[in-house]
Amino acid sequence: MSPVVKSKGERFTIPGKYLLLILTGICILLMILTYGTSVFDVPVNSAVGTIIVPFESGISRAGEWLRNRKDELSSVQSLLKENEELKAQIAQLTEENIILNQERYELTDMQALLGLSEVYNSYEKVGARIIAKDTGNWYTSFVIDKGTDDGLAIDMNVIAGGGLIGRITKIGPNWARVTSIISDGCNVSGQVASSDLTLIVSGDLSLNDKGLLSFSQLSDPDGLVVKGDKVITSNISDKYLPGLLIGYIDTIETDANNLTKSGTISVATDFSYLSTVLVITDVKNNDYE
Amino acid sequence: MIQKILIAISIPFFFLLQACVFTSLELGNVIPNLMVLLVCVYGFFYGEKTGAVCGFFAGLLMDIFFGEMLGLNALIIMLIGYVNGGFSGLFYAEDIRLPLILITLSDATFGLMYYVSTFLIRGKIGFTYYALNVICPEIFYTLLVSLVIYPILLGIDTLFRNYRIKKERESQQNV
């Protein structure tokens, strides 16, 4: 007699082996169905949005508090030293700022003359708080406390501290997941600001802890790109708005094919200390048809 | 019944603990894997079926928020819960070595399976690097945390076991 069949007076139970088989089947089916599609996104994301997310915002405050205590313990000495350095830096920057301001007036005049508008500042932005971070150690993504109810949508770009952070890859009514550009396997089409040469910026787990990204496919036969050059998102990227700061060139090497160059970029923003981000609510328009 | 509800609530609770609190307490760029720890312990306490079901829902929760697709974490952690359930016959409350060994092996298995299914598949070959910089530190940190969490889970479990024994005795006396 099959062990699944219910006999008289006995409670109905499924043997472990059958349960394992059923659950494995469900998992594989889910993987096939959700790989590249988003069939379950709306119901599942709304469900967890109502049950889990309200707790996340509260508990993440506790997490922040703990982190601050941890940092306080370890950083008094280094803060004093840093304070000195920063004071010196402020003096230097104030001076630079005065010069830059003068140049900006000139630039605005010129732009008005040419009919160009300021690109970077004209994007509409919404602030959001990070309420949860990736539970694994392999990828870098986080959850923010705003979703479709606040007018956000998939593929919106996220910035913080003046630099690009990533884009929204999953969304519920009151939460959204942001996959960061330093996440392994995440690619961004960028360009070197000074020379308009394009390159591909990719996240790499082995470079994450040093605050670096890798780049490749930079075609630079004249050697125009040097260490310290600014890298921004390119005009040809389909997901990212043009002109967002990614970082600065750290190392450059010529590839084995002698045609392209690759190397590393130091990221503009410190990803480990993020707590609030700005979401750009403009989405790159790809309707060419 | 109360115990079942408690188990069901503890899964999202541990998920929140990991996603919101432990992400701020990273050591050497690594956070502990509480989900594997919890599922491993539940499998060890309550057997194959509970382990598998808990693992399935714990993994699914990770997939919904942070996975590229649903089901991958669910499958891996469900299998871990099931296998750990096989050791439930060897459960003795006094023995802390076996659960710690099981947690170590479970976390290592999780790291390995996750590496193969998401990194190796994309052609990221340097296994030694990932083993030394991600998998091993994660196991170490998870073990450290389990030294605190395992006694708590064991304490709760012992309470329920004692309560059940007491109730059985009472019903026997009544008969």
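What pattern does chain B follow, read along the sequence? Chain B reads α-α-α-α-α-α.

This is a predicted model, where local features need pLDDT of at least 70, side-chain atom pairs count only at pLDDT 80 or more, and totals for chains, interfaces and linings use all residues. Residues are numbered from 1 along each chain as its sequence is written, while chains are lettered from A and ligands numbered from 1 in the order in which they are written.

**View 1. Chain B has 6 helices and 0 strands.** Helices (H or I, at least four residues) and strands (E, at least two) are DSSP runs, numbered from the N terminus. The C-alpha trace of chain B spans about 65 × 30 × 30 Å along its principal axes. Of its 175 residues, 47% count as buried, meaning 20 or more other C-beta atoms, placed from the backbone, lie within 10 Å of a residue's own.

**View 2. Strand β3 of chain A (residues 157–160) is covered on both faces.** N157(A) and I159(A) are buried on one side, and V158(A) and A160(A) are buried on the other. In a regular strand, side chains alternate between the two faces of the sheet.

**View 3. β3(A) pairs with strand β4 of chain A (residues 163–171).** They run antiparallel over 4 bridges; two strands pair if DSSP finds at least two bridges between them. Look for N157(A) opposite R167(A) in β4(A). The hairpin has 2 residues between the strands, and G161(A) takes a positive phi near 55° there.

**View 4. β3(A) also pairs with strand β12 of chain A (residues 276–280).** This pairing is antiparallel, over 2 bridges. Here I159(A) has L278(A) as its bridge partner.

Technical notes. Buried ≥ 20, exposed ≤ 12 C-beta atoms within 10 Å, placed from the backbone.
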